[in-house]
Amino acid sequence: MPSQWMHLPPHAPRIGRVVGTLILMLLLQACATRAPRPAPAAVEPELGEARARQIVAVWQQQLADYIDQAGGGDPSVLAQLPSQRATGTLRPARIVFGALDIDASVVERDGFDVQGLLLAPRPGAGADPYVFIVGIVQRAGYRPVALVDVRLVAMAARDGRLEWTMGDGDPQALIRYHARLDPTAPLRFPADKDRFELLPCAPGLCVEEQLSKARWSIVVPAPAGAAASP
(Lines give C-alpha, C1' and ligand atoms only; values in the text may rest on other atoms or scores of the structure.)
Protein backbone atom coordinates (compact mmCIF):
# COMPACT_ATOMS: atom_id res chain seq x y z
CA MET A 1 0.00 0.00 0.00
CA PRO A 2 1.44 3.38 -0.99
CA SER A 3 2.93 5.17 1.94
CA GLN A 4 1.11 8.44 1.14
CA TRP A 5 -2.18 6.68 1.94
CA MET A 6 -0.99 6.16 5.51
CA HIS A 7 -0.82 9.92 6.24
CA LEU A 8 -3.71 12.31 6.93
CA PRO A 9 -3.92 15.55 4.96
CA PRO A 10 -2.10 18.46 6.61
CA HIS A 11 -5.35 20.28 7.41
CA ALA A 12 -6.99 17.24 9.12
CA PRO A 13 -6.11 18.28 12.71
CA ARG A 14 -7.65 21.71 12.15
CA ILE A 15 -10.85 20.16 10.79
CA GLY A 16 -10.97 17.86 13.80
CA ARG A 17 -10.70 20.76 16.22
CA VAL A 18 -13.51 22.64 14.47
CA VAL A 19 -15.78 19.60 14.49
CA GLY A 20 -14.99 18.99 18.15
CA THR A 21 -15.82 22.59 19.03
CA LEU A 22 -19.16 22.39 17.20
CA ILE A 23 -20.08 19.16 18.99
CA LEU A 24 -19.21 20.70 22.38
CA MET A 25 -21.33 23.78 21.63
CA LEU A 26 -24.29 21.60 20.67
CA LEU A 27 -23.97 19.57 23.85
CA LEU A 28 -23.79 22.68 26.02
CA GLN A 29 -26.81 24.17 24.29
CA ALA A 30 -28.81 20.98 24.85
CA CYS A 31 -27.88 20.95 28.52
CA ALA A 32 -28.87 24.59 28.91
CA THR A 33 -32.21 23.91 27.22
CA ARG A 34 -33.00 21.02 29.54
CA ALA A 35 -31.77 22.72 32.72
CA PRO A 36 -34.57 24.02 34.96
CA ARG A 37 -34.92 27.79 35.05
CA PRO A 38 -34.91 29.51 38.42
CA ALA A 39 -38.39 30.20 39.69
CA PRO A 40 -39.44 33.86 40.04
CA ALA A 41 -39.88 35.37 43.48
CA ALA A 42 -43.03 34.02 45.06
CA VAL A 43 -45.99 36.39 45.39
CA GLU A 44 -48.94 35.24 47.46
CA PRO A 45 -52.06 35.57 45.28
CA GLU A 46 -54.17 35.44 48.40
CA LEU A 47 -53.30 35.35 52.08
CA GLY A 48 -56.00 33.22 53.57
CA GLU A 49 -58.32 34.47 56.28
CA ALA A 50 -56.14 33.77 59.32
CA ARG A 51 -53.03 35.41 57.83
CA ALA A 52 -54.95 38.47 56.64
CA ARG A 53 -56.46 38.92 60.10
CA GLN A 54 -53.00 38.81 61.69
CA ILE A 55 -51.73 41.54 59.37
CA VAL A 56 -54.80 43.75 59.82
CA ALA A 57 -54.50 43.29 63.60
CA VAL A 58 -51.05 44.94 63.43
CA TRP A 59 -52.62 47.92 61.62
CA GLN A 60 -55.39 47.98 64.21
CA GLN A 61 -52.90 48.07 67.11
CA GLN A 62 -50.89 50.87 65.51
CA LEU A 63 -54.09 52.88 65.01
CA ALA A 64 -55.07 52.33 68.66
CA ASP A 65 -51.60 53.46 69.76
CA TYR A 66 -51.91 56.61 67.65
CA ILE A 67 -55.31 57.47 69.14
CA ASP A 68 -53.97 56.89 72.65
CA GLN A 69 -50.77 58.90 72.19
CA ALA A 70 -52.03 61.75 69.99
CA GLY A 71 -55.58 62.08 71.29
CA GLY A 72 -55.57 60.67 74.81
CA GLY A 73 -57.87 57.90 73.66
CA ASP A 74 -60.30 60.19 71.80
CA PRO A 75 -60.86 58.95 68.21
CA SER A 76 -61.74 62.47 67.08
CA VAL A 77 -57.98 63.01 66.79
CA LEU A 78 -58.24 61.18 63.46
CA ALA A 79 -59.48 64.45 61.97
CA GLN A 80 -55.94 65.78 62.42
CA LEU A 81 -54.41 63.14 60.17
CA PRO A 82 -53.00 64.44 56.88
CA SER A 83 -55.79 64.29 54.33
CA GLN A 84 -55.33 62.99 50.80
CA ARG A 85 -57.23 64.51 47.89
CA ALA A 86 -57.57 62.41 44.76
CA THR A 87 -56.30 64.11 41.63
CA GLY A 88 -58.75 64.90 38.85
CA THR A 89 -61.91 64.60 40.96
CA LEU A 90 -64.08 66.89 43.07
CA ARG A 91 -64.34 64.35 45.89
CA PRO A 92 -63.50 65.76 49.35
CA ALA A 93 -60.20 64.93 50.96
CA ARG A 94 -59.92 61.50 52.55
CA ILE A 95 -58.49 60.46 55.91
CA VAL A 96 -56.23 57.40 55.65
CA PHE A 97 -54.21 55.66 58.38
CA GLY A 98 -51.37 53.39 57.28
CA ALA A 99 -49.11 50.76 58.80
CA LEU A 100 -46.08 50.07 56.60
CA ASP A 101 -43.48 47.30 56.29
CA ILE A 102 -45.40 44.71 58.28
CA ASP A 103 -43.34 41.48 58.37
CA ALA A 104 -40.70 43.06 56.11
CA SER A 105 -37.20 41.58 56.18
CA VAL A 106 -35.85 44.88 54.81
CA VAL A 107 -37.68 48.21 55.02
CA GLU A 108 -39.61 48.91 51.77
CA ARG A 109 -38.24 45.77 50.06
CA ASP A 110 -40.88 43.23 51.02
CA GLY A 111 -43.61 42.60 53.58
CA PHE A 112 -46.99 44.30 53.55
CA ASP A 113 -48.35 47.85 53.59
CA VAL A 114 -51.80 48.29 55.13
CA GLN A 115 -53.96 51.36 54.55
CA GLY A 116 -57.34 52.04 56.14
CA LEU A 117 -59.67 54.64 54.63
CA LEU A 118 -62.05 56.24 57.16
CA LEU A 119 -65.63 56.37 55.86
CA ALA A 120 -68.42 58.73 56.88
CA PRO A 121 -71.20 57.28 59.07
CA ARG A 122 -74.66 56.68 57.68
CA PRO A 123 -76.89 59.77 57.43
CA GLY A 124 -78.86 60.31 60.63
CA ALA A 125 -76.96 57.61 62.52
CA GLY A 126 -74.52 59.55 64.68
CA ALA A 127 -74.04 56.63 67.08
CA ASP A 128 -72.51 54.42 64.41
CA PRO A 129 -68.89 53.37 64.94
CA TYR A 130 -65.96 54.56 62.89
CA VAL A 131 -65.73 52.30 59.86
CA PHE A 132 -62.58 51.79 57.79
CA ILE A 133 -62.12 49.92 54.57
CA VAL A 134 -58.69 48.35 54.88
CA GLY A 135 -56.48 47.07 52.05
CA ILE A 136 -53.30 44.98 52.24
CA VAL A 137 -50.69 45.58 49.53
CA GLN A 138 -47.85 43.07 49.25
CA ARG A 139 -44.36 44.31 48.39
CA ALA A 140 -41.46 42.47 46.72
CA GLY A 141 -38.29 43.76 45.11
CA TYR A 142 -38.80 47.25 46.57
CA ARG A 143 -42.14 47.74 44.85
CA PRO A 144 -45.82 46.96 45.43
CA VAL A 145 -46.78 43.80 43.56
CA ALA A 146 -50.34 42.83 44.57
CA LEU A 147 -53.41 43.96 46.46
CA VAL A 148 -54.06 40.76 48.39
CA ASP A 149 -56.92 41.59 50.76
CA VAL A 150 -59.67 44.15 51.39
CA ARG A 151 -62.03 44.10 54.38
CA LEU A 152 -63.94 46.35 56.79
CA VAL A 153 -62.90 47.23 60.33
CA ALA A 154 -65.22 49.03 62.75
CA MET A 155 -64.10 50.90 65.86
CA ALA A 156 -66.24 52.33 68.66
CA ALA A 157 -65.22 54.26 71.80
CA ARG A 158 -67.21 53.11 74.82
CA ASP A 159 -66.52 53.79 78.49
CA GLY A 160 -63.06 55.15 77.71
CA ARG A 161 -61.90 52.17 75.67
CA LEU A 162 -61.91 51.16 72.03
CA GLU A 163 -63.99 48.23 70.83
CA TRP A 164 -63.08 46.64 67.50
CA THR A 165 -64.89 44.48 64.98
CA MET A 166 -63.07 43.04 61.97
CA GLY A 167 -65.07 41.93 58.96
CA ASP A 168 -64.24 38.95 56.78
CA GLY A 169 -62.45 39.12 53.48
CA ASP A 170 -64.54 38.53 50.37
CA PRO A 171 -62.62 36.92 47.46
CA GLN A 172 -65.39 37.65 44.95
CA ALA A 173 -65.54 41.33 45.92
CA LEU A 174 -61.75 41.52 45.64
CA ILE A 175 -61.86 40.02 42.13
CA ARG A 176 -64.54 42.50 41.10
CA TYR A 177 -62.53 45.39 42.52
CA HIS A 178 -59.34 44.16 40.81
CA ALA A 179 -61.10 44.10 37.45
CA ARG A 180 -61.59 47.88 37.53
CA LEU A 181 -58.07 48.85 38.59
CA ASP A 182 -56.09 50.93 36.11
CA PRO A 183 -53.06 48.79 35.11
CA THR A 184 -51.13 51.91 34.08
CA ALA A 185 -51.50 53.59 37.49
CA PRO A 186 -49.17 52.89 40.45
CA LEU A 187 -50.57 50.16 42.69
CA ARG A 188 -51.91 51.65 45.90
CA PHE A 189 -54.91 51.38 48.18
CA PRO A 190 -57.16 53.26 48.11
CA ALA A 191 -56.71 54.14 44.45
CA ASP A 192 -57.24 57.72 43.32
CA LYS A 193 -60.43 56.91 41.44
CA ASP A 194 -62.03 54.77 44.15
CA ARG A 195 -65.45 55.91 45.37
CA PHE A 196 -66.37 53.98 48.51
CA GLU A 197 -69.79 54.54 50.05
CA LEU A 198 -71.02 53.32 53.44
CA LEU A 199 -74.50 51.84 53.19
CA PRO A 200 -76.99 50.23 55.59
CA CYS A 201 -77.58 46.55 54.92
CA ALA A 202 -79.12 43.96 57.20
CA PRO A 203 -77.86 42.75 59.55
CA GLY A 204 -74.94 45.21 59.63
CA LEU A 205 -73.15 47.72 57.42
CA CYS A 206 -71.93 47.49 53.84
CA VAL A 207 -69.39 49.43 51.84
CA GLU A 208 -69.65 49.56 48.07
CA GLU A 209 -67.06 50.84 45.63
CA GLN A 210 -69.20 52.70 43.12
CA LEU A 211 -67.14 52.10 39.98
CA SER A 212 -66.58 48.36 40.35
CA LYS A 213 -69.73 47.63 42.41
CA ALA A 214 -67.57 45.53 44.71
CA ARG A 215 -69.19 45.29 48.14
CA TRP A 216 -67.96 44.29 51.61
CA SER A 217 -70.05 43.86 54.77
CA ILE A 218 -69.56 43.81 58.52
CA VAL A 219 -71.79 43.04 61.49
CA VAL A 220 -71.12 45.38 64.42
CA PRO A 221 -72.38 44.18 67.81
CA ALA A 222 -74.74 46.55 69.57
CA PRO A 223 -73.33 48.13 72.77
CA ALA A 224 -74.24 46.40 76.00
CA GLY A 225 -77.57 47.63 77.34
CA ALA A 226 -78.57 49.28 74.08
CA ALA A 227 -82.29 49.30 73.42
CA ALA A 228 -83.48 47.23 70.49
CA SER A 229 -84.80 49.11 67.48
CA PRO A 230 -88.61 49.10 67.22
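## Arg 94 in strand S2

Arg 94 is part of strand S2, residues 94–102. Strands here are DSSP runs of E with at least two residues, and helices are runs of H or I with at least four; both are numbered from the N terminus. This is a predicted model, where local features need pLDDT of at least 70, side-chain atom pairs count only at pLDDT 80 or more, and totals for chains, interfaces and linings use all residues. Residues are numbered from 1 along each chain as its sequence is written, and side-chain values use heavy atoms, with hydrogens and water left out.

Is Arg 94 buried or exposed? Arg 94 counts as buried, because its relative accessibility is 8%. Buried means under 20% relative accessible area, exposed means over 50%, and partly exposed is in between (1.4 Å probe, protein chains only). A polar atom of the Arg 94 side chain lies 3.3 Å from the backbone oxygen of Ala 191. Leu 117 is 23 residues away along the chain, with 7.2 Å between its C-alpha atom and that of Arg 94.

## The whole chain

The protein chain has three helices and nine strands. Their order along the sequence is α-α-β-β-β-β-β-β-α-β-β-β. The chain holds 230 residues, and 34% of them are buried.

Contacts are heavy atoms within 4.5 Å. Of the contacts with a separation of 6 or more, 51% join residues 24 or more positions apart.

Strand S4 covers residues 130–140. Ten of its eleven residues are buried, so the rest of the structure largely encloses S4.

Two strands pair if DSSP finds at least two bridges between them. S4 pairs with strand S3 (residues 111–119) in the antiparallel sense, over nine bridges. Phe 112 stands opposite Gln 138 of S4. Strand S5 (residues 143–158) also runs antiparallel to S4, with eleven bridges. Tyr 130 has Met 155 in S5 as its bridge partner. S4 and S5 form a hairpin with two residues between them. In the turn, Gly 141 has a positive phi of about 60 degrees.

## Arg 151 in strand S5

Arg 151 sits in strand S5. Arg 151 is buried because its relative accessibility is 0%. Its side chain makes a polar contact (N or O atoms within 3.5 Å, one able to donate a hydrogen and the other to accept it; residues adjacent in sequence count only if both atoms are side-chain atoms). The partner is the side chain of Asp 149, at 2.8 Å. The Arg 151 side chain also reaches the backbone oxygen of Gly 167 at 2.9 Å.

Leaving out residues up to four places away in sequence, Arg 151 touches several others, including Glu 49, Phe 132, Asp 168 and Trp 216.
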